[in-house]
Amino acid sequence: MHDLHSLARHLDDAARQARAIERLSAASPLSLADAYEIQSLLTGLRLERRESLCGVKMGFTSRAKMRQMGVSEVIWGRLTDGMRLEDGGTAPHHTYIHPRVEPEVAFVLANRISGPVSPAEALRAVDAVAPAIELIDSRYEGFRFSHEDVVADNCSAAGFVLGSWNLPRAVDNLGVVLEVNGQVSSVGSTAAVLGDPARALAAAIRLASAAGVDLAPGTIILAGAATEAVALPAGAHVRVRVESLGSAGFTTSKRSSN
Ligand code: OOG
Ligand code: MG
């Protein structure tokens, strides 16, 4: 029997102290249902600190990510306003354990939507699309985990940056470049995301609404990384460019000596 509340608190403490912990399933196996319950409780702790739920993220929607992490099923997690980093802003590097960044596409909903929907129906509920960077930071030692571990850890969610919003349009085959300090770190296509990020959007709507998440107008949905994630150094400039959508970027603070 797991005490799901204390496991959620353990993950929350790890994130707040920027200290890696042993993966939960090392002690005893975790069911997927328990893992999603831990994720919900973990988000609840953020809401108690007056953060608010602002969106949903998809994970492992590209082969590049599945291969990199050795996990082969799509996962979803919750985004709060406390995770949002300003475009052009600075992220406090020392508050993360072993952060990585990955290039994504974000959607914002115009209409409340739920249930199983087709990618076309999902796109019709979208108000705008933007290039995005996700900052992931597994709370587990070595950035290694099972499918259930990563779900419990809210899919490694730690931060996200959104570029300027564009009118909704097809985003199924756009070039994607991730740069760190002006050097190209990874290159790909939005087609890597389930063939079309609109499929990830539809999956996010289906999965999150089935779990009782209210997908109200203004909800942000991150479709999942188009390429492998790359390590995020201190004192670095990161930029994602998505063909015809624009770019998003931020800087990380230099390693502090305190
Ligand atoms: C899990 C999160 C995966 C994505 O875009 O595929 C993810 C991880 O890689 O630690 O956010
Ligand atoms: Mg991601």
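1. Two strands are counted as paired if DSSP finds at least two bridges between them. In this predicted model, strand β3 (residues 84-85) meets that condition with β7, because two bridges join them. The two strands run parallel, and L85 stands opposite V161 in β7.

2. Strand β7 (157-162) has a further partner in β6 (126-136). The pairing of β6 with β7 is antiparallel and extends over five bridges. Within it, E134 has F160 of β7 as its bridge partner.

3. How many of the six residues of β7 are buried? Six of the six are, so β7 is largely enclosed by the rest of the structure.

4. S156 counts as buried because its relative accessibility is 3%. L194 is placed in the loop between β9 and α6 (197-210). With a relative accessible area of 31%, L194 is partly exposed.

5. Five strands form it, in the order β4-β13-β12-β8-β9, and the pairing is mixed. At its edges are β4 (90-91) and β9 (183-189), each of which pairs on one side only.

6. Within that five-stranded sheet, strands β12 (residues 237-242) and β13 (residues 246-252) run antiparallel and are joined by six bridges. V242 has G246 of β13 as its bridge partner.

7. Which residues lie nearest the centre of the largest pocket? They are A15, R16, R46, R139 and A158, out of 21 residues that line the pocket. The space in the largest pocket is about 360 Å³. Two or more lining residues come from each of α1 (4-17), α2 (32-48) and β7. The largest share, four residues, is supplied by α1. Classed by residue type, the lining has 10 nonpolar, three polar and eight charged residues.

8. The structure also holds one cavity of 30 Å³ or more. The largest cavity contains about 110 Å³ of space. Its lining consists of 15 residues, and K57, F60, K65, E102 and C155 lie nearest the centre. At least two lining residues are supplied by each of β1 (53-59), α3 (63-69) and β6. The lining of the largest cavity divides into nine nonpolar, two polar and four charged residues.

9. S62 lies in the loop between β1 and α3, two elements that also contribute to the lining of the largest cavity. At 1% relative accessibility, S62 counts as buried. S62 touches A192, A225 and A226, leaving aside residues up to four places away in sequence. S62 and T227 are 165 residues apart along the chain, yet their C-alpha atoms are separated by 7.2 Å.

10. Contacts across the sequence can also be described for the whole chain. Among contacts with a separation of 6 or more, 76% are between residues 24 or more positions apart. Of the 258 residues, 55% count as buried. The secondary structure comprises six helices and 13 strands.

11. What radius of gyration does the protein chain have? The value is 17 Å, which agrees with the figure near 18 Å that a compact globule of 258 residues would have. Taken along the principal axes, the C-alpha atoms fill a box of roughly 45 × 45 × 35 Å.

Key
Residues are numbered from 1 along each chain as its sequence is written. Chains are lettered from A and ligands numbered from 1 in the order in which they are written. This is a predicted model: local features need pLDDT of at least 70, side-chain atom pairs count only at pLDDT 80 or more; totals for chains, interfaces and linings use all residues. Side-chain values use heavy atoms; hydrogens and water are left out. On a 1 Å grid over the protein atoms alone, a cavity is a set of points where a 1.4 Å probe fits but cannot get out, and a pocket is an open set with protein on both sides within 12 Å along at least five of seven lines; lining residues have an atom within 4 Å of a point. Grid points are joined across faces, edges and corners, and a volume is the space filled by probe spheres set on the points. Ala, Val, Leu, Ile, Met, Phe, Trp, Tyr, Cys and Pro count as nonpolar, Asp, Glu, Lys and Arg as charged, and the others, Gly among them, as polar. The radius of gyration is taken over C-alpha atoms; the globule rule is 2.2 Å times the number of residues to the power 0.38. Buried means under 20% relative accessible area, exposed over 50%, partly exposed in between (1.4 Å probe, protein chains only). Contact means heavy atoms within 4.5 Å.
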